[in-house]
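Please work through each task before reading its solution.

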Amino acid sequence: MFKLSQMADCVSKVELTVSCSNLLDKDVGSKSDPLCVLLQRSGKDSWTELGRTERIENSSSPSFSQRLRLDYHFETVQNLKLGVYDIDNASRDLGDDDYLGGVELTLGQIVSSKTLTRPLQLKKGKPAGKGSITITAEEIKDNRSIQLEMEAKNLDKKDTFGKSDPFLEFFKKGDDGKWQLVHRTEVVKNNLSPSWKKFTVPLQTFCSSDLERPLKVDCSDHDSNGSHDLIGSFTTKVSELQKAASGSPVAFDCIHPDKQKKKKSYKNSGVVSVKSCKLATQHSFLDYVMGGCQINFTVGIDFTGSNGDPRSPNSLHYLSPEGLNQYLSALWSVGQVIQDYDTDKLFPAFGFGAKLPPDYQAAHHQFALNFNPSNPNCQGIQGIVEAYRMVLPQLRLSGPTNFSPIINHVASIASGAAQSNSASQYFVLLILTDGEITDLDQTRDSIVRASRLPLSIIIVGVGPADFKAMELLDGDDGVLRSTVGEAVARDIVQFVPFLKFKDAPLATLAQSVLAEVPTQVVSYFKMRGLQPLKPPVKA
């Protein structure tokens, strides 16, 4: 079956509201006439204008009513620039207008704060007087979904040896007048009076949020060779389906157009009815983040012997003259996106699979990268990089490669946070590894247990190894099960091999591994029935 969820979740749209205070006065004898422009970085030194507010006359503390809209992508760093200009002419070109100051920041910083005030700068390090800018973000969306349960009676028999295998397909009428598929049910085998499972589709996807938009439903007999036979069709709209919510029977004659033409006495090819229909609210990732949910980021780095001696240029831990290697490149790429969502910017970082000074006795499977077990936090991504460079010469790479200790460690912290029964914390564990895992069974068990906690695990495979075991943990092509056959409660592992992105810009690695995190965050809080927190009111 195909997935439609991606269609619905691809892009969130965010609306920014802007106000300023204490702007510089550039006009003689009166206040400035400000306007604000929003730009997004599109290259190293290039910026693209996304929108501008209206111009407000004679105001040094304007509140703009024109909102600025843009697409939001969690998995990329979206660098923005807001510039405020004093407009004294009718031309759109800003080159001849006085610049009152601007600010550079990321969309991640804005949405994780919800409201943000920054001083305006004329250029880096040069403040624009006492001028400041306040930006508030809001997600624009219809967060309702439709939940339907359908059944049918007396469908036509299409198979020679047995009853039909019916399934339903729902289409909405596009703005171009064409029918677009929005949902397909499962097939019920060998049954002329089937009941299909309850399903949920975002209202935006199902009917473009328009309860009167025409819908068409096809009931077909499934054929394994793909040549499904139409049993019959009917048209309706959500406002009609909704009548089932108040207990009224909602039933449709399933009509096959050819049969209807041929036979005067033809009534239908069966009746399809709505068992239940309700509209529900579905919260999005931004609802949780803007409600104040903290995304806590932890890193685990593989220092096992299979990486090779860090002093040898063939080692995966060998630092180039610029002080870089695949481990650090992967860390930078993913860390830069995540750090905007963590207010304290303190990231616990661990190593595993190495022997430590002074005695270099047994291998440690979870040691603080900064050698400070009571406080393994590093200040920002830069802090993790510095700790890594500092300890690397002091470690002896060893083995075996055990993932479960570090997963269990983060899981125990996530488990503590889950006790609060509020959508306040979520954890992301990034494991950087050469992929030669030893404790596969224990790791499977740890992941199945962790799938009930507010935790996502991202594994980046460094080097040229065969990552079959890692792909098994990322249950994309089948459900991951524990050693006793218990299935994961939800998909929480995402694996990518670093080499696949070796020649691509650094940001593409982050886009690939982080694309699933928003869905995983929402799926956890939904599973627990937890609403987004209300954001604290900023004084």
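Two strands pair if DSSP finds at least two bridges between them; helices (H or I, at least four residues) and strands (E, at least two) are DSSP runs, numbered from the N terminus. The model is predicted: local features need pLDDT of at least 70, side-chain atom pairs count only at pLDDT 80 or more, and totals for chains, interfaces and linings use all residues. Residues are numbered from 1 along each chain as its sequence is written, and side-chain values use heavy atoms, with hydrogens and water left out.

**Exercise 1. Strand pairing**

Task: Determine how strand 15 and strand 16 run, and how many bridges join them.

Solution. Strand 16 covers residues 271-281 and is joined to strand 15 by three bridges, the two running antiparallel. Within strand 16, Val271 is the residue opposite Asp253.

**Exercise 2. Helix 7 and helix 8**

Task: Describe how helix 7 and helix 8 pack, and classify their contact residues.

Solution. First, the geometry: the axes of helix 7 (residues 326-338) and helix 8 (residues 380-391) cross at roughly 165° and come within 10 Å. Axes are lines fitted to C-alpha atoms, for helices over the stretch in contact, and angles run from 0 to 180 degrees between N-to-C directions. The two helices are therefore roughly antiparallel (over 145 degrees).

Next, the contact (heavy atoms within 4.5 Å): among its residues are Leu331 and Trp332 of helix 7 and Ile384 and Val385 of helix 8. The residues comprise eight nonpolar, three polar and one charged. Here Ala, Val, Leu, Ile, Met, Phe, Trp, Tyr, Cys and Pro count as nonpolar, Asp, Glu, Lys and Arg as charged, and the others, Gly among them, as polar.

**Exercise 3. Helix 9 and helix 10**

Task: Which orientation do helix 9 and helix 10 have to each other?

Solution. Helix 9 (residues 404-418) packs against helix 10 (residues 440-450) at an angle of about 15°, the axes being 9 Å apart. These helices are therefore roughly parallel (under 35 degrees). Helix 9 contributes Ser404, Ile407 and Asn408 to the contact, and helix 10 contributes residues including Gln442 and Arg449. The contact residues comprise two nonpolar, five polar and one charged.

Methods:
Angles under 35 degrees count as roughly parallel, over 145 as roughly antiparallel, 65 to 115 as roughly perpendicular and the rest as oblique.
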